[in-house]
Amino acid sequence: MERELSTNYADMFIKDGIAHLIYKPLDLLDLDVAKLMVKDRIEFKEGISYPTLFDIRNVKSTSKDARDYLANEGNDLVISSALIVSSSVTKMIGNFFITVSKPKKPTHLFTDNEKGLEWLEQHKDLVED
């Protein structure tokens with residue numbers, strides 16, 4: 001582990017050039033929480049952009065304004081995003097979100113951590129500080 005941090009909303013660590021954010025149980029990820037999470041993530045990354053795995057399996061729902069924020073302004077210091085979701089139904093809903101919100105960085109959904117990490121590997125050479 002290169003570095004790690006636990007906040008009220010997520011556990012974060014950087015390993016092998018990939019940032020990992022594991023969201024803690026949350027009923028609703030609203031805009032205020034999204035902004036706080038992004039602020040914490042940016043401080044944690046210390047100005048370095050990484051391919052990032054977001055394990056969002058513990059988040060029950062997300063407000064539209066939070067999704068829009070995370071897809072755009074909230075994407076700072078993220079080279080690419082692998083979102084880990086709990087089921088193929090959630091993945092289908094998430095893919096709809098990606099189509100509508102059009103994240104400014106490459107974003108894919110996975111139900112398996114390893115497949116998400118494999119996809120992120122191709123972006124590690126783009127790490128920038």
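Reader: Why does I93 count as exposed?

Author: This is a predicted model. In it, I93 has 56% relative accessibility, and exposed means over 50%, so I93 counts as exposed. I93 sits in helix α3, residues 88-101. Together with V89 and M92, I93 makes a nonpolar surface patch of about 330 Å².

Reader: What makes Y23 and F54 an aromatic pair, and why is the pair called edge-to-face?

Author: The ring centres of Y23 and F54 are 6.4 Å apart, and rings pair if their centres lie within 6.5 Å. The planes are at 75°; over 60 degrees counts as edge-to-face, so the term applies. Y23 is in strand β3 and F54 in strand β5, 31 residues apart, and the pair links distant parts of the chain.

Reader: How do you know that Y23 and F54 are buried?

Author: Buried means under 20% relative accessible area. Y23 has 6% and F54 has 9%, so both count as buried.

Reader: Why is the pair of F110 and W119 called tilted?

Author: Their ring centres are 6.1 Å apart and their planes are at 45°. Stacked needs under 30 degrees and edge-to-face over 60, so this pair falls under tilted. Both F110 and W119 are buried.

Reader: Which residues touch the most other members of the largest nonpolar core?

Author: Y23, L29, M37 and F54 do, in a core of 26 residues. The largest share of this core, five residues, comes from α1. Another core, of eight residues, lies apart from it and includes F110 and I18.

Key
Residues are numbered from 1 along each chain as its sequence is written. This is a predicted model: local features need pLDDT of at least 70, side-chain atom pairs count only at pLDDT 80 or more; totals for chains, interfaces and linings use all residues. Side-chain values use heavy atoms; hydrogens and water are left out. Patches are made of residues with over 30% relative accessible area and no salt bridge: like charges are joined within 9 Å, nonpolar side chains (Val, Leu, Ile, Met, Phe, Trp, Tyr) within 5 Å. Accessible areas come from the Shrake-Rupley method with a 1.4 Å probe; for residues, only the protein chains shown count as cover. A salt bridge is a side-chain nitrogen of Lys or Arg within 4 Å of a carboxyl oxygen of Asp or Glu. Helices (H or I, at least four residues) and strands (E, at least two) are DSSP runs, numbered from the N terminus. Buried means under 20% relative accessible area, exposed over 50%, partly exposed in between (1.4 Å probe, protein chains only). A nonpolar core is a set of buried Ala, Val, Leu, Ile, Met, Phe, Trp, Tyr and Cys residues joined through side-chain atoms within 4.5 Å. Rings of Phe, Tyr and Trp (its six-membered ring) pair if their centres lie within 6.5 Å; planes under 30 degrees apart count as stacked, over 60 as edge-to-face and the rest as tilted.
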